[in-house]
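Colleague: I have a few minutes before the group meeting; could you put the model up and talk me through it?
Modeller: Gladly, here it is.

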Amino acid sequence: MSSVTVTEAPNERELLLSTSPHLQSRWTTKQIMWFVVLALLPSVISAVLFFGFAQLLVIAIAVGFAVGTEALIQYLMKKPIAVSDGSAVITGLLLGLILPPHFSLVFTALGAIFAIGVGKMLFGGLGYNIFNPALVGRAFLQAAFPVAITTWTIPNFAVDTVSKATPLAALKFDGVVTGLSSMMYGNVGGSLGETSAIAVLIGGVFLIVTGVANWRIPAAMLVGVIVFGGGLWLIDSSYPTPLFHIFAGSFLFGAVFMATDYVSSPITNLGMWIYGICISLVLVLIRVFGGLPEGVMYSILFMNAFVPLINRYTRPRIFGEVKS
């Protein structure tokens, strides 16, 4: 009778060493990323509805080149290919949705390459970038191709008073006020995923209910725009109303999907309030007194730079710690 010897494998436990902050969530990083992708689907649908199926190609190019760039850089750096975590998909999706309708596919590809290559991988990859990568790509395209990125299209289902110009540009340069209902539905000029407030809000509610996005940053931005925008409007009624600031342009899209980026936003509750309110302060100053009609991209990138400082001075004191 033969005998079989079974050798048990040693009890191995994986240890993960990482720097602080050590935050825990009921979702894994991969799940969070794909939840954000799901939350962006209403904006993708509104982009197709108001600007046509051709916009799917712009979005697909942005996503494809973002994922391809990240995979190539990881391969060249001899790191594990980790594009399945969904972070590069989000960057490409966000970039595609903040571009004008019918934007050049070549320029879109260049923006996606810059967003991942410079905005993310140059800093070390996921978790190390200082600025929101999609906004870095948008800023690059704004500087390199200013005419193309400010060329707008009349949307489907446009009412007679709607022109190619975005509501913010129409108000700033022509003194034309766009109706609130059009900005809610999305049949106005603007970037692909930013025109429909309803679509953005559906995604935002989903992220907040699931606990993926922290509500404090969007809430702080709303408070900030009501205080600063409303204050100026009370002083001079020719300035935009707070409601116009909220529903026009990319305010809601930025508040829900850009400013809440885990890596480039504060980690403390107080810091989130300071961060969100300051974004709105910079935004209102740009929109009212600056040369540009929009300002969400620059205001978020500007405040991204202050996040380490905000984290440092809003960090809760350790029990028993003596202030030096």
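Colleague: How much space lies in the largest cavity?
Modeller: The largest cavity holds about 50 Å³ of space. This is a predicted model, in which local features need pLDDT of at least 70 and side-chain atom pairs count only at pLDDT 80 or more, while totals for chains, interfaces and linings use all residues. Residues are numbered from 1 along each chain as its sequence is written, and side-chain values use heavy atoms, with hydrogens and water left out.

Colleague: What counts as a cavity or a pocket here?
Modeller: On a 1 Å grid over the protein atoms alone, a cavity is a set of points where a 1.4 Å probe fits but cannot get out, whereas a pocket is an open set with protein on both sides within 12 Å along at least five of seven lines, and lining residues have an atom within 4 Å of a point. Grid points are joined across faces, edges and corners, and a volume is the space filled by probe spheres set on the points.

Colleague: Which residues sit closest to the centre of the largest cavity?
Modeller: Of its 13 lining residues, E194, A197, F247, G249 and L252 are the closest to the centre. Helix 8 (197–209), helix 10 (242–247) and helix 11 (251–258) each supply at least two residues of that lining, and helix 11 has the largest share, with 3 residues. Helices here are DSSP runs (H or I, at least four residues), numbered from the N terminus.

Colleague: And what lines the second largest cavity?
Modeller: The second largest cavity, with a volume of about 30 Å³, is lined by G204, L207, I208, A213, P218, A255, V256 and T260. Helix 8 gives the most to this lining, with 3 residues. By class, the lining has 6 nonpolar, 2 polar and no charged residues, where Ala, Val, Leu, Ile, Met, Phe, Trp, Tyr, Cys and Pro count as nonpolar, Asp, Glu, Lys and Arg as charged, and the others, Gly among them, as polar.

Colleague: Now the helix packing: at what angle do helix 2 and helix 4 cross?
Modeller: The axes of helix 2 (residues 55–76) and helix 4 (residues 105–117) cross at roughly 35 degrees and come within 8 Å; axes are lines fitted to C-alpha atoms, for helices over the stretch in contact, and angles run from 0 to 180 degrees between N-to-C directions. The contact (heavy atoms within 4.5 Å) includes F65 and E70 of helix 2 and I113 and I116 of helix 4, and by class it has 12 nonpolar, 3 polar and 1 charged residues.

Colleague: What about helix 2 and helix 3, at what angle do they cross?
Modeller: Their axes cross at roughly 145 degrees and come within 7 Å, helix 3 being residues 87–97. Among the residues that meet there are A66 and E70 in helix 2 and G92 and G96 in helix 3.

Colleague: Which residue does E70 meet in a salt bridge?
Modeller: The side chain of E70 meets that of K120 (2.7 Å, N to O), a salt bridge being a side-chain nitrogen of Lys or Arg within 4 Å of a carboxyl oxygen of Asp or Glu. The pair links distant parts of the chain, with E70 in helix 2 and K120 in the loop between helix 4 and helix 5, 50 residues apart.
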